[in-house]
Amino acid sequence: KKAIEGYANEISLLKRLRGNPAIIQMYDAEVDLERKSIFLVMELGEADLNHILQQRALSGQSRSLNLNFIRLTWQQMLSAVHSIHEE
């Protein structure tokens, strides 16, 4: 039950962050305590960081990351963290 309450808090935060371009959007959510289930409808991201890094490794680009790639990735992550902390 505590786990579901924790997730419910995260859902509440995502609702407050709706419309923020730095955060993946949650369109709908349902917490079903009887079934101990949570259902989310969220924005589909084009790719996650793990997928991008794996693709780079498969293409032989894993030895060094482009500084612009690192800068952009950090900027996006820090923007998301800042948005969350401002809420």
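Thr73 sits in helix α3; helices (H or I, at least four residues) and strands (E, at least two) are DSSP runs numbered from the N terminus. I noted that a polar atom of the Thr73 side chain lies 2.8 Å from the backbone oxygen of Phe69.

**Ground rules.** I am working on a predicted model, in which local features need pLDDT of at least 70 and side-chain atom pairs count only at pLDDT 80 or more, whereas totals for chains, interfaces and linings use all residues. Residues are numbered from 1 along each chain as its sequence is written, and side-chain values use heavy atoms, with hydrogens and water left out.

**The ring of Phe69.** I then turned to the face of Phe69 and found Arg56 lying over it, at 5.3 Å from the ring centre; a charge sits over a ring if NZ of Lys or CZ of Arg is within 6 Å of the ring centre and within 35 degrees of the ring normal.

**Salt bridges.** How many salt bridges are there? I record two, taking a salt bridge as a side-chain nitrogen of Lys or Arg within 4 Å of a carboxyl oxygen of Asp or Glu. One of them joins the side chains of Glu87 and Arg16, at 2.9 Å from N to O. Glu87 lies in the segment after α3 (67–86) and Arg16 in helix α1 (residues 2–16), so this pair ties together parts that are 71 residues apart in sequence. Glu87 is partly exposed at 44% relative accessibility, and Arg16 is partly exposed at 45%. I also found the side chains of Arg35 and Asp32 meeting in a salt bridge, at 3.7 Å from N to O; here Arg35 counts as exposed at 55% relative accessibility, while Asp32 counts as buried at 17%.

**Largest pocket.** For pockets I used a 1 Å grid over the protein atoms alone, a pocket being an open set of points where a 1.4 Å probe fits, with protein on both sides within 12 Å along at least five of seven lines, and lining residues having an atom within 4 Å of a point. The largest pocket has 20 lining residues, of which Ala22, Ile24, Ala47, Asp48 and Gln76 lie nearest its centre. The elements that give two or more residues to this lining are α2 (49–58) and α3, and α3 gives the most, with six residues.

Technical notes. Buried < 20%, exposed > 50% of the residue type's maximum accessible area, 1.4 Å probe, protein only. Polar contact = N/O pair within 3.5 Å; in protein donor to acceptor, adjacent residues only side chain to side chain.
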